[in-house]
Amino acid sequence: MSDTTPDTVWDYLIQGAKVFDGIGELPVREDIAIADGRVAARGPDLDPQKAHKVIDATERWAMPGLFDIHTHYDLELEVAPGLPESVRHGTTTVVIANCSLGLAFGAQRKDGADPIVDCYARVENIPKDVLRATADRVDWKNPKEYIQHLNRLSLGPNLVTMVPHSMLRIEVMGFDASISRDPTEDELKAMEALLEHAMDDGYAGFSTDALPFHYLANQPNTRKTIPTQFAKYPEIKRLTDVVRRKGGVWQATPPKDSTMGTIKTFLLSCGLLHGKPLRTTVVAALDVQSNRKIVRLARLLARVLNSRLLRGDFHLQALAAPFKVWSDGAVTPLSEEIEELRILNETELEDREGRLKILNDPAYIASFKAMWMSGKTGFGLKRLKRLVRLEDYAFNRTLADMTIDVCPLREWQGLTFADVFARVKAANAEKPLEGSDAERALLKDHFSGVKDEGDFVLAMLRAFDRDLSWYTVSANRNERVVRNLLMDRQLLPGFNDSGAHLTNMAFYDGNLRALKLASDGGDIDVAYMVRRLTRDPARVFGVKGGGIEVGDQADLILVDPSALRRMNHNNTVQRQYREAFQHEQLVNRTDGVVSLVMIAGHPAWHGTSFDNALGQQKMGTVLDTTF
């Protein structure tokens with residue numbers, strides 16, 4: 001940047017960029033002028049003497065700021081409203097209150113219930129002390145006050161917020177009733193009224209959740225799912241009818257274990273059956289390693305629902321990255337789908353002794369081993385389903401796919417579980433084994449009784465508990481398949497889950513990965529992907545944004561295409577201690593790919609560092625809905 005004449009008209013002039021404006025057409029080489037937080041002019045050879053600062057962008061792509069359509073930033077906004085981990089990757093707008101969880105109704109602490117803690121802790125793998133610290137800050141009680149509160153924060157990105165169904169149920173029915181019965185007619189009418197009023201106040205729509213492994217974290221309810229999952233079809237239909245009438249969007253997840261339930265539920269998107277299409281966005285289109293049919297059925301469902309006959313407005317979210325998930329011992333979001341692992345997650349994170357007691361119980365050991373070895377030996381349907389990648393589990397039980405990231409025995413870091421299992425078997429067979437005295441002692445103390453894979457995994461959990469962190473790629477291994485999903489007009493790039501799973505996932509750079517994959521097809525594919533990451537989500541969520549036309553809010557970014565092509569998603573994840581959380585977090589570091597992030601005309605990121613104003617002064621806002 002350089003200062004020019006004091007007699008300025010524009011705050012900034014971005015000069016000579018290759019501009020992808022989000023329409024989807026081929027880019028043009030031109031300048032962009034910014035004044036008073038908006039795009040003031042666009043065109044070739046704008047006069048630099050009219051600008052206070054000039055930014056040389058001759059080797060850069062310019063485009064609207066990117067949307068992250070699936071986040072759980074509701075909590076982080078209260079302690080770090082600049083949302084730096086997304087801003088550094090070019091995100092200027094985030095959608096919050098997904099999966100039926102959010103803060104729209106305040107802390108909702110009543111009769112001993114603490115819904116923010118109880119609902120978020122296991123679903124989003126966020127420690128309870130982090131959640132309590134957030135809940136303690138809450139000083140609003142209704143959706144209108146929450147919008148006002150958000151707009152008082154020193155926001156980095158813009159926000160799009162939803163009405164969370166679990167919290168809506170709790171607000172009307174009370175916590176215990178929301179997880180034990182259907183609403184009365186009066187309660188249902190009260191939910192409809194609250195939802196309608198919230199949308200009048202600026203909420204973009206309504207979020208629900210039906211994934212069967214989202215459980216509560218409070219006793220005695222650890223074997224119950226979150227409130228939204230107790231809602232039957234008539235309740236969902238009544239509430240989505242409100243969203244349809246208001247022209248909003250419904251964000252949902254599919255009932256994973258019910259094909260017919262999925263079809264029936266998402267037919268709610270169709271105009272043929274309900275008079276008017278309902279904008280619907282659903283998590284998620286993933287190429288699951290253990291079950292290859294899921295992604296095919298998802299794409300087929302989208303095509304059928306959006307057909308001319310049914311007239312749906314249905315958008316599955318596609319993740320642009322390998323679905324790489326870390327586990328802290330047994331604590332990981334995917335483990336909730338398997339009862340033998342879920343039992344371990346029912347304990348408090350700090351309760352190592354409680355988990356050890358479970359792991360040493362003979363009945364549990366037998367059950368765990370039967371689960372772990374299911375389909376791996378012998379003959380039968382389960383074996384056949386595993387061989388042809390049609391298993392019921394999304395959780396990956398292949399030892400060769402499980403890589404150790406952090407371990408108290410440092411020499412095992414970087415090895416797979418299969419590598420370590422081979423060392424265990426060699427030691428137990430008294431074969432020569434090169435290794436440290438510490439390894440030999442560990443093998444003798446904790447692994448001498450190991451006979452098979454099930455014994456070995458149990459021994460790993462007993463020996464290390466949550467001090468062991470390991471990862472696996474459970475979906476999206478094939479880059480070609482991922483690219484095809486992202487380019488599919490029926491789908492929408494998303495499902496980054498930013499702000500959740502602090503030590504289990506890190507997809508903050510998901511939008512950049514989508515741009516990188518698109519760049520293989522040249523400018524026309526990049527232009528298409530820019531539209532998919534900007535204007536298309538703005539339309540789906542019914543907000544004003546996603547463009548850089550003259551008069552638009554100046555949310556824009558510069559990307560270094562050379563650095564983008566060199567970006568290697570296999571080595572971008574790091575562990576960082578976040579002061580705002582007083583907790584470690586998995587983050588991405590792709591610095592240098594995004595050269596500039598501007599939010600409402602404010603520079604927020606300068607390529608390798610944040611602007612001092614990020615998180616200290618207000619940049620973004622709660623975006624206006626268009627209905």
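A pocket, as I use the word here, is an open set of grid points with protein on both sides within 12 Å along at least five of seven lines, and its lining residues have an atom within 4 Å of a point. I keep that wording at hand for the second largest pocket, which is lined by 28 residues. The model I am reading is predicted.

**Entry: second largest pocket**

I looked up what lies nearest the centre of this pocket and found Pro127, Asp328, Val331, Leu349 and Arg466. The space in the second largest pocket comes to about 480 Å³.

Which elements supply at least two residues of the lining each? I noted helix H2 (115-123), helix H3 (128-135) and strand S20 (583-588). H3 gives the largest share, three residues.

**Entry: whole chain**

I noted 23 helices and 22 strands in the chain. The radius of gyration is 25 Å, close to the 25 Å from the globule rule for 627 residues, so the chain is as compact as a globular protein of that length. Along the principal axes, the C-alpha atoms fill a box of roughly 80 × 65 × 50 Å. I also looked up burial: 61% of the 627 residues count as buried.

**Entry: the eight-stranded sheet**

I traced an open sheet of eight strands with parallel pairing, in the order S7-S8-S9-S10-S11-S12-S13-S17. Its edges are strand S7 (66-68) and strand S17 (491-493); each has a single partner strand, so one side of each is left without a neighbour in the sheet. From one strand to the next, the twist averages 30°.

Strand S12 (residues 279-285) and strand S13 (residues 313-318) run parallel and are joined by six bridges. Opposite Thr281, I found His315 in S13.

**Entry: strand S9 and Val163**

I turned to strand S9 (residues 158-164), where Val163 is found. Is Val163 buried or exposed? Its relative accessibility is 1%; buried means under 20%, so Val163 counts as buried. Seven of the seven residues of S9 are buried, so the strand is largely enclosed by the rest of the structure.

I checked the partners of S9 next. Strand S8 (residues 91-96) runs parallel to S9 and is joined to it by four bridges. Within this pair, Val95 has Val160 of S9 as its bridge partner. Strand S10 (residues 205-207) also pairs with S9 in the parallel sense, over three bridges. There I noted Ser207 in S10 as the bridge partner of Pro164.

Leu66 is 97 residues from Val163 in sequence, and their C-alpha atoms are 22 Å apart in space.

**Entry: the three-stranded sheet**

I found an open sheet of three strands, ordered S14-S16-S15, with antiparallel pairing. Which strands of this sheet pair on one side only? They are the edge strands, strand S14 (324-328) and strand S15 (403-406). Neighbouring strands here are turned by 35° against each other on average, direction ignored.

S15 and strand S16 (residues 469-473) run antiparallel and are joined by three bridges.

Technical notes:
Residues are numbered from 1 along each chain as its sequence is written. This is a predicted model: local features need pLDDT of at least 70, side-chain atom pairs count only at pLDDT 80 or more; totals for chains, interfaces and linings use all residues. Side-chain values use heavy atoms; hydrogens and water are left out. Two strands pair if DSSP finds at least two bridges between them. Axes are lines fitted to C-alpha atoms, for helices over the stretch in contact, and angles run from 0 to 180 degrees between N-to-C directions. On a 1 Å grid over the protein atoms alone, a cavity is a set of points where a 1.4 Å probe fits but cannot get out, and a pocket is an open set with protein on both sides within 12 Å along at least five of seven lines; lining residues have an atom within 4 Å of a point. Grid points are joined across faces, edges and corners, and a volume is the space filled by probe spheres set on the points. The radius of gyration is taken over C-alpha atoms; the globule rule is 2.2 Å times the number of residues to the power 0.38. Buried means under 20% relative accessible area, exposed over 50%, partly exposed in between (1.4 Å probe, protein chains only).
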